[in-house]
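Student: I have a structure to look at and some questions about it. Can we go through it one residue at a time?

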Amino acid sequence: MNPLALLTGIQLGLFLLGGVLMAHLGLEPLATPNPFRDGAFGLGLFLLLQGLEALFSRVFPRSFRMAEAFHRELGEALVRTGLGPKEALLLSLLSAVAEEVFFRGAVQGLLLRQLGGWGVGVQALLFALLHPAPRSAFAYPLFTGVAGGLLGLSFLFTGSLVPGILAHFLHNARSFAELLSASARQTPRPKPRA
């Protein structure tokens, strides 16, 4: 199976499962909509994720380089199967929406009812566990867990999934843009015929 199709299918499955669970639990993805607050909070959260990534690259340099190499290999495999700019943007948006609806909306919503405030942390741990990496790249699941906690706190404080979706989308899109740019630099260009 095409890896791009597989990733798309997984994200669609998470979105549908998360949406059904949220509806069953009576949870709203936009309990308190506020476009200005959600946009500002989302951009701030994105900048916080960028800062967190920079911090992890300094605190865990070797592991962070291993995580980057791991993601580069995955990205190159996706590029070989047809990932281009349009597909990267679509996958960035789909994964942001699906993962926020599933993890922050459904899973966190359920866990908050069962565990109170601890639900944010447990949700973040599950989010990290479902973003595996080789042992030498432990900084990636650790980063993902902290990011999941920040995204969860965002939903808890705002009552809206929009800030998390925006920050998650921007983070993923930036990562894909870097990947596609690096891939384009490494791919030999055909020489013009004389």
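Student: Is Asp 38 buried or exposed?
Tutor: This is a predicted model, and the values here are computed from it. Asp 38 has a relative accessible area of 3%. The cut-off for buried is under 20%, so Asp 38 counts as buried.

Student: Which helix does Asp 38 lie in, and which residues does Asp 38 touch?
Tutor: Asp 38 lies in helix α2, residues 35-59. Leaving out residues up to four places away in sequence, Asp 38 touches Pro 33, Thr 158, Ser 160, Val 162, Pro 163 and Leu 166.

Student: Is Ser 92 buried or exposed?
Tutor: Ser 92 is found in helix α4. Residues up to four places away in sequence aside, Ser 92 touches Phe 169, Asn 172, Ala 173 and Phe 176. Its relative accessibility is 0%, so Ser 92 counts as buried.

Student: How far apart are the C-alpha atoms of Ser 92 and Ile 165?
Tutor: Along the chain, Ser 92 and Ile 165 are 73 residues apart.

Student: What kind of aromatic pair do Phe 103 and Phe 127 form?
Tutor: The ring centres of Phe 103 and Phe 127 are 5.0 Å apart, with 75° between the planes. Planes over 60 degrees apart count as edge-to-face, so the pair of Phe 103 and Phe 127 is edge-to-face.

Student: Which helices does that pair tie together?
Tutor: Phe 103 is buried at 2% relative accessibility, and Phe 127 is buried at 4%. The two parts tied together are 24 residues apart in sequence, because Phe 103 lies in helix α4 (residues 85-115) and Phe 127 in helix α5 (residues 118-129).

Student: Which residue has its charged end over the ring of Phe 127?
Tutor: The charged end in question is 4.2 Å from the centre of the Phe 127 ring. The residue is Arg 104.

Student: How is α4 oriented relative to α6?
Tutor: The axes of α4 and α6 (residues 139-158) come within 10 Å and cross at roughly 70°. Angles of 65 to 115 degrees count as roughly perpendicular, so α4 is roughly perpendicular to α6.

Student: How do the residues of that contact divide?
Tutor: On the α4 side, the contact is made by Glu 100, Arg 104, Gly 105, Gln 108 and Leu 112. On the α6 side are Gly 148, Leu 151, Gly 152, Phe 155 and Leu 156. The residues divide into four nonpolar, four polar and two charged.

Note on methods:
Residues are numbered from 1 along each chain as its sequence is written. This is a predicted model: local features need pLDDT of at least 70, side-chain atom pairs count only at pLDDT 80 or more; totals for chains, interfaces and linings use all residues. Side-chain values use heavy atoms; hydrogens and water are left out. Rings of Phe, Tyr and Trp (its six-membered ring) pair if their centres lie within 6.5 Å; planes under 30 degrees apart count as stacked, over 60 as edge-to-face and the rest as tilted. Helices (H or I, at least four residues) and strands (E, at least two) are DSSP runs, numbered from the N terminus. Buried means under 20% relative accessible area, exposed over 50%, partly exposed in between (1.4 Å probe, protein chains only). A charge sits over a ring if NZ of Lys or CZ of Arg is within 6 Å of the ring centre and within 35 degrees of the ring normal. Axes are lines fitted to C-alpha atoms, for helices over the stretch in contact, and angles run from 0 to 180 degrees between N-to-C directions. Angles under 35 degrees count as roughly parallel, over 145 as roughly antiparallel, 65 to 115 as roughly perpendicular and the rest as oblique. Contact means heavy atoms within 4.5 Å. Ala, Val, Leu, Ile, Met, Phe, Trp, Tyr, Cys and Pro count as nonpolar, Asp, Glu, Lys and Arg as charged, and the others, Gly among them, as polar.
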